Structure formats: structure tokens, C-alpha cells
Amino acid sequence: MSSHNRLIVVSALLISWTFSFTRALPTGAPSTACVSMYPQHPGPAGPASAQSGLVVPFQIQVAPIGDTRAYSVKIVRNPNFPGAPSLLGFFLQVRDPNSNDPLGEWKNLPVYARVGDCTGANTVTHVANAPKSMEQGLEFTWEPTNLPANTKSLQILGTFVQNMQTFWVKVPSQIFTLKEEEPQAPVRVAPSVNDNAPAVVPGSTSFGTTDAPVSSVNHNNSKP
């Protein structure tokens, strides 16, 4: 192979690698990220490292939905972050702040999201690694199903991917208190009316029917 042809091949490989490093994983986070929430992106010198720093370009907002026990979880831009970086991938879980176990279930997911490859439906991630429209934010519904007993405080954790080499891991939302389940009012059962019950005759001492003869009382004092 001539030097010119080798140069073309090397250039093509570099372009391919560069393109791949500017994307997120194409179909969402892998199952190996279920605990660490680390996307495991390949890099030219090994796995890529997460970004450091306190200012992250994306934030997580949590709000209860009406009178239900469900919550709206929203990814929005951080107004304090300079510029407007693209969001290609995401990975969300709800956890107790003192535990690594994802909790609850994600419901009614939008077309750009799917349930993650973890246990049940307790994780949500992206479907494709295309830039997401952030004008209105990305919104999801989470329900507190099958939670451990005495669970009260919860937190959303998110991993956000700008490209293969630029991402933020376990970005926390504010800790929120789980809404208490409304106690159900006791059901009042109306007494049933039995139309076949025997009528009570005033002055009578019998509350049933009998075939025995009823003795009469003679109130006359006359002798027989």
C-alpha cells in the first residue's frame, strides 16, 4: 500500500473514531450502569471519565401530580451554565439517599425514552443518541410502587451525556418527602331489611310461628 493510500485509511479511521466519541451510546445506558450509573463509554486511552465541577448544564425538577401519588420528573437546562450544550443521552433513577437501590416505576414514557436494562421498570434511559429538544425540557412520570417499609425521603439521580467524552454522573435532585397515602374512609353497610321476617303482634311474647296450641286465659272468676 502506498503512503498516500495509508494516509487515506488512517484519516478515515480517525474521522470514524472522532464521530463515535461525539455521540452517546445509541440505544441507552447498558445494564452495567444500573448501580454505578456510569455510561462505560470507550475512549482512545481507555474508558472515558466523568466531568468534575459543581456546575452541571442540566437540572432535575420533581413535582407531585395532583391528588395522585405519582410525580413529574423533568430534565431542564441549568440557567447558570454557560452556553447550551446538547443532551444526547440520559439515565435516571429514584433512590433513598442512603441506598443504592433504584425504587418505584417509570410510567407513560415519551417516545424518546425507554425502561432501562435493570430490574423491573425502576430506570429510564434514552432510545437514540440524537440531540434532545430542551425547549420545554424532558418530562417523565414516576410512581412510588413496591417501596420498602417506612420509606419517606427520596432523591432523583441522573447521568447526562453531551458526547462520549463529556458526561456527568449521578447528578442529584433536591431530596423530597414522599406523599402519604390518603387513608380510606370506612365503608358503612346499611342494615338489610328482611321482608319475610314475622311481624310482632303487640302484647305477644312469641317472635316466631309455632304449631303448638295457644292456651287461653279466662279472666272470669266464675266457678266451673
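Helices (H or I, at least four residues) and strands (E, at least two) are DSSP runs, numbered from the N terminus. This is a predicted model, in which local features need pLDDT of at least 70 and side-chain atom pairs count only at pLDDT 80 or more, while totals for chains, interfaces and linings use all residues. Residues are numbered from 1 along each chain as its sequence is written, and side-chain values use heavy atoms, with hydrogens and water left out.

**Largest pocket**

- A pocket is an open set of points on a 1 Å grid over the protein atoms alone, where a 1.4 Å probe fits, with protein on both sides within 12 Å along at least five of seven lines.
- The volume of the largest pocket is about 300 Å³, a volume being the space filled by probe spheres set on the points, which are joined across faces, edges and corners.
- Its lining has 19 residues, and Ile60, Gln61, Pro172, Ser173 and Gln174 lie nearest the centre; lining residues have an atom within 4 Å of a point.
- Two or more lining residues come from each of β1 (58-64), β9 (166-172) and β10 (176-177).
- β1 gives the largest share of the lining, seven residues.
- By type, the lining holds 13 nonpolar residues, six polar and no charged. Here Ala, Val, Leu, Ile, Met, Phe, Trp, Tyr, Cys and Pro count as nonpolar, Asp, Glu, Lys and Arg as charged, and the others, Gly among them, as polar.

**Disulfide**

- One disulfide (a pair of cysteine sulfur atoms within 2.5 Å) is found in a search of the whole structure.
- It joins Cys34 to Cys118, with an S to S distance of 2.0 Å.
- Cys34 belongs to helix α2 (residues 33-36) and Cys118 to the loop between β5 (113-115) and β6 (123-126), so the bond ties together parts that are 84 residues apart in sequence.
- The disulfide is left-handed, because the torsion about its S-S bond is about -100 degrees.
- Both cysteines count as buried, Cys34 at 13% relative accessibility and Cys118 at 18%. Buried means under 20% relative accessible area, exposed over 50%, and partly exposed in between (1.4 Å probe, protein chains only).

**Salt bridges**

- The structure holds three salt bridges, each a side-chain nitrogen of Lys or Arg within 4 Å of a carboxyl oxygen of Asp or Glu.
- Glu105, Lys107 and Glu143 form a network of salt bridges.
- Lys107 is partly exposed at 27%, as are Glu105 at 24% and Glu143 at 24%.
- Asp117 and Arg114 also meet in a salt bridge (3.2 Å, N to O); Asp117 is partly exposed at 44% and Arg114 is partly exposed at 22%.

**Strand β3**

- Seven of the seven residues of β3 (residues 89-95) are buried, so the strand is largely enclosed by the rest of the structure.
- Gly89, Phe91, Gln93 and Arg95 point one way from β3, and Phe90, Leu92 and Val94 point the other way.
- In a regular strand, side chains alternate between the two faces of the sheet.
- Two strands pair if DSSP finds at least two bridges between them.
- β3 runs antiparallel to β8 (residues 153-163), joined by seven bridges, and Arg95 stands opposite Gln155 in β8.
- β3 also pairs with β6 in the antiparallel sense, over three bridges, with Gln93 opposite Thr123 in β6.
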